[in-house]
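Morning, everyone. Please bring the model up on your screens, and we'll start with helix packing.

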Amino acid sequence: MTEHQKVHPVRDDFAANAWADKEKYQALYQQSVNDPEGFWAEQAKRLDWFKAPTKIKHTQFDTHNVDIRWFEDGVLNASVNCLDRHLETRGDQTAIIWEGDDPADSKHITYRELYEGTCRLANGFKELGVGKGDVVTLYMPMIPEAAMAMLACARIGAVHSVVFGGFSPDAVAQRVIGAKSKLIITADESVRGGKQVPLKDNVDAALTRAGTDVCEKVMVVKRTGGEIEWKEGRDVWYEDIVAKQSSDCPAEEMNAEDPLFILYTSGSTGAPKGLKHTTGGYLLHAALTHQYVFDYKDGEVYWCTADVGWVTGHSYIVYGPLANGGTTLMFEGVPSYPTHGRMGEIVDKHNVAILYTAPTAVRALMAHGDDVMASSQRDSLRLLGSVGEPINPEAWEWFYRVIGNSKCPIVDTWWQTETGGIMIAPLPGAVDLKPGSATLPFFGVMPALVDNEGNILEGATDGNLVILDSWPGQARSIWGDHDRFIQTYFSMYKGMYFTGDGCRRDEDGYYWITGRVDDVLNVSGHRMGTAEIESSLVAHEAVAEAAVVGFPHDIKGQGIYIYVTLGDGFEESDELKKELTQWVRKDIGPIASPDVIQWAPGLPKTRSGKIMRRILRKIAANECDGLGDTSTLADPSVVDELIEHRANR
Ligand code: WTA
């Protein structure tokens, strides 16, 4: 057994008290794959339906007709499931604990308050002309109004499209146009790490670019009171609109397959795509996984450190925990402000029992040494979770030992925007942990590994990770482009959903995700398409050609390495590197900041003109000895030139 396969057996107290122990997990998993209809019909009862579904599963992955429907004759409303049904038993229980950027700012919002706020906002949306099927874009700070806005959309059958508050005006414009959004809700400014981000200004710039066909209205939450421009007739204050609304808003009856939200994410080619998630299956998957994977128990404070701009925030800050009547913590700031002890201090302040975060955050803390946690005890913690990228065993052990005081199991959860919820993860009362492995599939999930020709591989092996059959939380389509959906996910390996990830399965059947095998980067757990960054760069006048690859980065997991070929008449200079860095930041957002730029007089291309990224990745990783076969290159000498001037030594 290698060091990497150290095992942390299931703890006795978890086995005794968790929602599932070994036997129950095995039994439920077997039932879920052998009899999906029976299993999901039973599970669907955990939701409140206006009309319970009688048709459970209607799914096919046939490349000519990918058609995914779950509970297709069921009728429900997601906000009713997250709010109304809890009022009787837990109206006064805290639904959301909000922790502001400033450690002196926090508040508790009960289920009743969240319900009333959501209803008011839903009525406000209606007053502004938003109705069933309309798309509302959210470009918001991490404030409770963001969760309310999502739920208010759900209440009236509008479809929300949350755009991460760190994205640039261009990125907002692109997504607003793509979704034909009717209204955008934002704040004057957001506050992160003591700094203001001008959200409303960004929206103004985005809408100037997007034109007048979209977003007739801009709703603005007053977060800081900072100065903003105001466009009469278009802009409205959130506070003014909701103040006059009734706190009663009948919930729209939604078919299980009506869209709940769109969420844009990066792929290996082209512009970001809006994944479409529907109401019944998504909500069920989010709720069920939240209960079992986090072993969530009534009354516990649960904290997912993601932003609502990502799918993790959708499923595990808002929908999953609230559908389960949980208490979910929402943090406006960053883990390093005012000090690196903040995360632990928040755990102590609010008695957090379950902490779900990203490997990059763990590594960033780990880099400061064990003392970084000295300002907190974290005795309330019971379980830890990890998501977004592979967690290296060293970071896993540090997370376990230092943050979790060597007493909390870690659930490493593999999933994607496309999957809606967790797919591969240990249930803490059932599955022995191996640091670095996402372990075993959740109920209803049928993973498999295939070779490049699509042959299914058995036993302990490496391969491309595919899923053989549908699960309720699966994205149904790409908004407005079903062909692209089929092309992206179902054409590579016939009859299977292709994840884009590489994976190893060990002799115990455990899955070890090894990272993307396509041209998608994962930088600090943020997904980015190399093509997006390249197209941003080539739009700069100095750039003739650009190639972007990832390289191993101690904290971020992957860093962004850029090879730039300049156009005639442009000189290589450090100033130009800075300018290109700023260019990309402005065009996409700070998360796309290049880590390394290397001037490349030529790029390694095949005779047919295709850039050989494999070689660029090796050079970026400083693995110049194993470049493999370069004989098919049109001009092999460019490789020597790139190696000689590589920027990452
Ligand atoms: C990666 C985030 C290893 C993976 C929920 C996937 C992971 C992509 C893990 C999806 C994990 C996510 N271990 N890799 N536990 N979780 N990934 O859409 O490459 O932002 O394909 O969804 O993140 O990123 P997305």
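A definition to begin: angles under 35 degrees count as roughly parallel, over 145 as roughly antiparallel, 65 to 115 as roughly perpendicular, and the rest as oblique. This is a predicted model, where local features need pLDDT of at least 70, side-chain atom pairs count only at pLDDT 80 or more, and totals for chains, interfaces and linings use all residues. Residues are numbered from 1 along each chain as its sequence is written, and side-chain values use heavy atoms, with hydrogens and water left out.

Now helices H7 (residues 169–179) and H8 (residues 199–210). Helices (H or I, at least four residues) and strands (E, at least two) are DSSP runs, numbered from the N terminus. The axes of H7 and H8 come within 8 Å and cross at roughly 55°. Axes are lines fitted to C-alpha atoms, for helices over the stretch in contact, with angles from 0 to 180 degrees between N-to-C directions. H7 and H8 are therefore oblique to each other.

Which residues of H7 meet H8? Pro169, Asp170, Val172, Ala173, Val176 and Ile177 do. Contact means heavy atoms within 4.5 Å.

Next, the sheet. Seven strands form an open sheet with mixed pairing, in the order S5-S4-S17-S16-S18-S19-S20. Strands pair if DSSP finds at least two bridges between them. S5 (106–110) and S20 (410–413) are the edges; each has a single partner strand, so one side of each lacks a neighbour in the sheet. Strand-to-strand twist averages 20°. S4 (residues 94–99) and S17 (residues 327–331) run parallel, joined by 4 bridges. Ile96 sits opposite Thr328 in S17.

Finally, H14 (residues 393–403) lies across S18, S19 (383–387) and S20, at about 150° to S19.
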